[in-house]
Amino acid sequence: LRASRPEEKEPEAIVVLGLRSFREGTRLRLSVTLASGIALAALDAHGLATPRVGAVALSKRRVTCEIEHVYAGRVLRTETCRPEGSELREATAQLLERGSLFSGLVKELEERWEAWTLARRLAGARLVEDPEGILEAGPRGAELRPWLVERLETLGLESDEDLALIDREDLMVPHLPEPWASRLERDYPRALTLGSARFRVRYEVGRRRVLLELESGGLKKPPPRSYLPRFPGFKVSIQAGGTFVELG
């Protein structure tokens, strides 16, 4: 949308008053027939923006963050504050993830979380059995961040004074218990080292395939299958010589 007169600035946003739809081949297109310019500040003043947590800082156990007021993907306004409630829990999760609070906790938490998740996926695909229901006690969820935020809510984090009442173990999930831990380490590892080459192990449970993706070092040709863990129920593809080779 261009300004009506040359001396006018182009509007920051528009309010659509008229709209026409039409087809071009198989595509449906929309054309604005009548619109009026509006400033971003006016959109914010009408309460259309949704707040989200931006940059977060921690100093002497006091949390500050930028709250971005967003509409249609555009930041209309930013303010700095000491967050409370849900905004504080989201900010604290960010601090945990970048190591500003309880350094190293999230890395360890991710390792335990991945072990529980893999074990549950294997059991769900009937590749292994869990007759005693051990896996029912573990953490659930597809992603760690929502679990962290929910855990902080369960612990009663409402203001940053509450941070003093939370310790490292409050945010840690338990180790995968035996015999699961040993079985995964032996048959379904999540990382693998062959000589100077280190691999990340990715499980495509639905396709019954394991991908060994090279993280560091190099491997010119694939090793004999007997050099690798058993990976019961899976075919194995390993990255070697610049490509993936299936070992069966």
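**Exercise 1. Determine how many helices and strands the protein has, and decide whether its fold is spread out or compact.**

Solution. Step 1: the protein contains 5 helices and 10 strands, where helices (H or I, at least four residues) and strands (E, at least two) are DSSP runs numbered from the N terminus. Step 2: the radius of gyration, taken over C-alpha atoms, is 26 Å, well over the 18 Å that the globule rule gives for 248 residues, so the protein is more spread out than a compact globule. The rule itself is 2.2 Å times the number of residues to the power 0.38. Step 3: the C-alpha trace spans about 75 × 60 × 40 Å along its principal axes.

The model is predicted: local features need pLDDT of at least 70, side-chain atom pairs count only at pLDDT 80 or more, and totals for chains, interfaces and linings use all residues. Residues are numbered from 1 along each chain as its sequence is written, and side-chain values use heavy atoms, with hydrogens and water left out.

**Exercise 2. Classify the ring pair of Tyr188 and Phe234 and state why it is assigned that class.**

Solution. Step 1: rings of Phe, Tyr and Trp (its six-membered ring) pair if their centres lie within 6.5 Å; planes under 30 degrees apart count as stacked, over 60 as edge-to-face and the rest as tilted. Step 3: for Tyr188 and Phe234 the centres are 6.0 Å apart and the planes stand at 75°, so the pair is edge-to-face. Step 4: Tyr188 lies in the loop between α5 (180-187) and β6 (191-194), and Phe234 in the loop between β8 (209-216) and β9 (235-240), so the pair ties together parts 46 residues apart in sequence. Step 5: ring pairs link Tyr188, Tyr203, Phe231 and Phe234 into a cluster.

**Exercise 3. Describe the lining of the largest pocket by element and by class.**

Solution. Step 1: a pocket is an open set of points on a 1 Å grid over the protein atoms alone, where a 1.4 Å probe fits, with protein on both sides within 12 Å along at least five of seven lines; lining residues have an atom within 4 Å of a point. Step 2: the lining comprises 17 residues, and Glu114, Arg190, Ala191, Arg200 and Val201 lie nearest the centre. Step 3: α3 supplies the largest share, 8 residues. Step 4: by class there are 6 nonpolar, 1 polar and 10 charged residues, with Ala, Val, Leu, Ile, Met, Phe, Trp, Tyr, Cys and Pro counted as nonpolar, Asp, Glu, Lys and Arg as charged, and the others, Gly among them, as polar.
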